[in-house]
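Hi,

Here is the structure I said I'd pass on. Have a look at it first, and then read my notes below.

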Amino acid sequence: MRKSFHIPFIFSEKYGVQVNYGSEQYHSYYQWFCFVLLVQAIMFYLPGHFWQAKEKGRMKKLVLGLDSPIIPAEAKSMNTALIVRYLLASMRYNRRYFIHFVVAEVWNFINVVGQVYFIDYAFGKVFTTYGLKVIAFTEWEFYERHDPMANIFPKMIECTLYSIGPLTDVMKTKTRCALPINEVSEKIYILLWFWFCILAILSGLALSFRLVATTSPKVRFLVTRSRDTACDPDLLKTVIIKLGLGDWFVLDMLAKNVDPQHFKDIVHHLAKELDRG
């Protein structure tokens, strides 16, 4: 089977009144369905892989065991001093670390939006409204329902079969073919439509937040302060004002990964060293 087609119904507003047939719609994407899903999965994996390759486990190494609330006093004091020393030595050199993270976030957003439009193009420009039509379909009266998924994933189609005749002539036959795989395909793409919407919204909000945090030290302070830290707000504000954007990003990542009490000590020692400088 090289190509298949189906004839979509065109329904009138009232059931039983002037029900006509539309023109033939040809489909050739069914055989590529599994490969497309594989490519989509790889595309979603790439931004995270990019960030891991650039981050190189830096934060995991930088924590130095301070993610645990229980640590020997000597080790705690020594590791806190090491972290503060690192933060001071790397000041103004963490911008690239921050940029790599932003690139991964932008890549995520472009990826999800790009995939929506790619699928929309592959499905004949009907995917962007696919989920909305499915929701509307569930609210129709039973006798007026016309499944919008049937036009994208028809279950019964007309297909053209080619065979070799007795005189090696190619014989072409049109027949009906069942596509049970489309029962699964339509469910997968319904879930993907809603999932893409959620990801697009969250990715857009993340980029908006990142833009605001880039331009406002006050927002950066509020973000780090919200990490359930036990440090003094005034000291934290002083430290963040003196740190560059990339340096704040490293400090904020520490706030997410280090125990709040230990982070309090880090900020306290860092503030003292910055005052001396």
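To start you off: does Arg-227 count as buried, partly exposed or exposed? Arg-227 counts as partly exposed, at 28% relative accessibility. For these words, buried means under 20% relative accessible area, exposed means over 50%, and partly exposed is in between (1.4 Å probe, protein chains only).

Before the rest, some ground rules. This is a predicted model, where local features need pLDDT of at least 70 and side-chain atom pairs count only at pLDDT 80 or more, while totals for chains, interfaces and linings use all residues. Residues are numbered from 1 along each chain as its sequence is written, and side-chain values use heavy atoms, leaving out hydrogens and water.

The overall picture

The protein chain has eleven helices and six strands. These are DSSP runs numbered from the N terminus (helices: H or I, at least four residues; strands: E, at least two). Of its 277 residues, 36% count as buried. The accessible surface of the chain comes to about 17,200 Å², and 63% of that belongs to carbon and sulfur atoms; the areas come from the Shrake-Rupley method with a 1.4 Å probe, and for residues only the protein chains shown count as cover.

The cores

A nonpolar core is a set of buried Ala, Val, Leu, Ile, Met, Phe, Trp, Tyr and Cys residues joined through side-chain atoms within 4.5 Å. In soluble globular proteins, nonpolar side chains tend to be buried together. The largest core here has 37 residues, and Leu-87, Leu-236, Val-239, Phe-249, Leu-251, Leu-254 and Phe-263 touch the most other members. Several helices supply at least two residues each, including H3 (73-89), H4 (95-122) and H11 (260-276). H10 gives the largest share, eight residues.

Leaving aside neighbours within four places in sequence, Leu-254 is in contact (heavy atoms within 4.5 Å) with Met-59, Leu-62, Ile-83, Leu-87 and Phe-263. Apart from this core lies another, of 16 residues, among them Phe-123, Ile-152, Tyr-189 and Leu-199.

The salt bridges

A salt bridge is a side-chain nitrogen of Lys or Arg within 4 Å of a carboxyl oxygen of Asp or Glu. How many does a search of the whole structure find? It finds five, and here are some of them.

- Back to Arg-227: its partner is Asp-252, with the closest N and O atoms 2.8 Å apart. Arg-227 is in the loop between H8 and H9 and Asp-252 is in helix H10, so the pair ties together parts that are 25 residues apart in sequence. Asp-252 counts as buried, at 4%.
- Arg-210 pairs with Glu-105, the closest N and O atoms being 3.0 Å apart. Arg-210 sits in helix H7 (residues 181-215) and Glu-105 in helix H4, 105 residues apart. Arg-210 is buried at 11%, and Glu-105 is buried at 13%.
- Arg-276 pairs with Glu-273 at 3.2 Å. Both lie in helix H11, three residues apart, about one turn of the helix. Arg-276 is exposed at 63%, whereas Glu-273 is partly exposed at 30%.

Asp-247 lies in helix H10 (residues 245-257). Asp-247 is buried yet has no salt bridge, and the nearest side chain of opposite charge, Arg-92, is 4.3 Å away. For charges, Lys and Arg count as positive and Asp and Glu as negative, with His and the chain ends not counted. Beyond neighbours within four places in sequence, the contacts of Asp-247 are Ser-90, Met-91, Arg-92, Tyr-93 and Asn-94.

Cheers
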